[in-house]
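The sequence and structure come first.

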Amino acid sequence: MDGTTLEAMRTVLRGPVIGPQDQEYTEARTIYNAMIDRRPAAVVRCADAGDVIDTVDFVRDHGLELAVRGGGHSGPGLCLVDDGVTLDLSPMRWVRVDPSAEIAQVGGGSLLGDLDHAAHAFGLATPAGIMSTTGVGGLTLGGGHGHLTRKYGLTIDNLLAADVVLADGSFVTANERNHPDLFWALRGGGGNFGVVTSFTFSLHPVHTVVLGVTLWTLDRIGDVLRWYREFLPQAPEDLNGFFAVLVVPPGPPFPEEIHGHKMCGVVWCWTGDPDQADKVFEPVGEPGPPAFHFTAPMPYPMVQSMFDELIPKGLQWYWRGDFFDRITDGAIDVHAKYAEGIPTDLSTMHLYPVDGAAHRIKPGDTAWGYRDAVWSGVIGGIDPDPANAETIRQWCVDYWEELHPHSMGGSYVNFIGAGEGQERVRATYRDQYDRLAAVKRAYDPRNLFHANQNIEPAHS
């Protein structure tokens, strides 16, 4: 893109168009994962849906590359494209809650913390992630799971409508009645079909929850996982708990004597009666006495933001994931091996439950391809030092390669790592892929929106 083209964009758009010569450029191209270093020709900060329409039209008509940025949390950095245009939705960061109808309309550039805060004022929430800094858009379009999934389903199960700018520059509202095929595809099909400028979600009564953290020494990992795989699927759906291997961070609520120790554990969220929490957590001693067990009632947005300071923007990241319908004994051996070899203090592995309410949606009702999965796993190599980038990447890849044979074959699309290839996208959607490709042909036949985990348009 030459300077004349850049200036032409500036005359069309209300929001700023930031080029490489501008003072704000370095900040504008910085995303959550510091391992990603790409240089767009322009970052367009769209002020409203009109700006989005004009940007899409301009990029398409000039034959430019396009990427779309919501919260900037994409692990493989799909929100940036070298020498093309990043359409940045971050100025469109707003939430409107209708407490009587229990719905929220959310701007396309909003973060989970924006939604959590606005809904919490009315004692409401919707299931979406575990970090308040995550973008609503990317998480939702990939499917979305979090602390409330066993009780209230995936994020897409609570999506009522989406305002979308399509590849031809037209603006539509997709829901069950209008553009139902597009609405189906948006619920799990990623950013393949257009730019979503706002989402409408159903909300549920959630205010004060009970957070729990239970940790065991690594020599207990086999006993803990064998207990966890039986206990959680049978537990009340008010109880969510994701399993993790980790290095204990220095600071509260952890006692100093376990700081820096490699451990395994479960992070719990109980949305039932707080007075019943102690009884609910009684079984945590069954796999052996925990080295640490902590519970506390707290506002739901506090639970959602508890990892924000521990894992801030600007770290080196590499992740990969898989779905699991069971935790096999062989998988337990793999977890034990790589937990011992965690390479850095922030590197980790999580198994998120995706059962309960998420299983009550029929497999064909949304683009999410794994309604029979019980856990969504992710391995994350994380460290602040760029010198450790290859170390954390290799640990993640080696761990994933040994664990993958124990998986269901596909991954949550938002956990696909850089360089995994098109076959991983197909595996994510299983037999939904061909239907998604047909919707892609109808709404984006020239594949303008391809800077993503791409679904290519079906051949006519």
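Which residues of S13 are buried on one side, and which on the other? Leu239, Gly241, Phe243, Val245 and Val247 are buried on one side. Asn240, Phe242, Ala244 and Leu246 are buried on the other, so both faces of S13 are covered. Buried means under 20% relative accessible area, exposed means over 50%, and partly exposed lies in between (1.4 Å probe, protein chains only).

A word on the model. This is a predicted model: local features need pLDDT of at least 70, side-chain atom pairs count only at pLDDT 80 or more, and totals for chains, interfaces and linings use all residues. Residues are numbered from 1 along each chain as its sequence is written, and side-chain values use heavy atoms, with hydrogens and water left out. Helices (H or I, at least four residues) and strands (E, at least two) are DSSP runs, numbered from the N terminus.

Stay with the strands. S13 spans residues 239–247, and nine of its nine residues are buried. S13 pairs with S14 in the antiparallel sense over nine bridges. Two strands count as paired if DSSP finds at least two bridges between them. Asn240 stands opposite Cys269 in S14, and Phe242 stands opposite Val267 in S14. S13 also pairs with S17, again antiparallel, over three bridges. There, Phe243 has Leu351 of S17 as its bridge partner.

Now move to S14, residues 262–270. Eight of its nine residues are buried. Besides S13, S14 pairs with strand S12 (residues 208–217), antiparallel, over eight bridges. Leu215 has Gly265 of S14 as its bridge partner.

Next come the rings. Phe, Tyr and Trp rings (for Trp, the six-membered ring) pair if their centres lie within 6.5 Å; planes under 30 degrees apart count as stacked, over 60 as edge-to-face and the rest as tilted. The whole structure holds 22 aromatic pairs. Trp317 and Trp319 form an edge-to-face pair, 5.3 Å centre to centre, with 80 degrees between the planes. Both Trp317 and Trp319 are buried. They belong to a cluster linked by ring pairs. Its members are Tyr32, Phe242, Phe307, Trp317, Trp319, Phe323, Tyr352, Trp368, Tyr370, Tyr412 and Phe415.

Two arginines meet ring faces. A charge sits over a ring if NZ of Lys or CZ of Arg is within 6 Å of the ring centre and within 35 degrees of the ring normal. Arg430 lies over the face of Tyr370, at 3.9 Å from the ring centre. Tyr370 is itself a member of the ring cluster. The charged end of Arg320 sits over the ring of Trp400, 5.1 Å from its centre.

Turn to the charged pairs. Side chains of opposite charge can pair when their charged atoms come close. A salt bridge here is a side-chain nitrogen of Lys or Arg within 4 Å of a carboxyl oxygen of Asp or Glu. The count comes to 25 salt bridges.

Which parts of the chain does the pair of Arg150 and Asp355 link? The two side chains meet in a salt bridge at 2.9 Å, N to O. The pair links distant parts of the chain: Arg150 lies in helix H6 (residues 149–152), and Asp355 in the loop between strand S17 (348–353) and strand S18 (375–383), 205 residues apart. Both Arg150 and Asp355 are buried.

Glu7 and Arg10 share helix H1 (residues 3–12), three residues apart, about one turn of the helix. Their salt bridge has its closest N and O atoms 2.5 Å apart. Glu7 has a relative accessible area of 42%, so Glu7 is partly exposed. Arg10, at 26%, is partly exposed too.

Asp325 and Arg326 form another salt bridge, with the closest N and O atoms 3.3 Å apart. Asp325 is partly exposed at 29% relative accessible area, whereas Arg326 counts as exposed because its relative accessibility is 52%.

Finish at Ser407, in the loop between helix H12 (389–403) and helix H13 (422–429). Is Ser407 buried or exposed? Its relative accessibility is 16%, so Ser407 counts as buried. Ser407 touches Asp322, Phe323 and Phe324 (heavy atoms within 4.5 Å), not counting residues up to four places away in sequence. Phe323 is one of the ring cluster.
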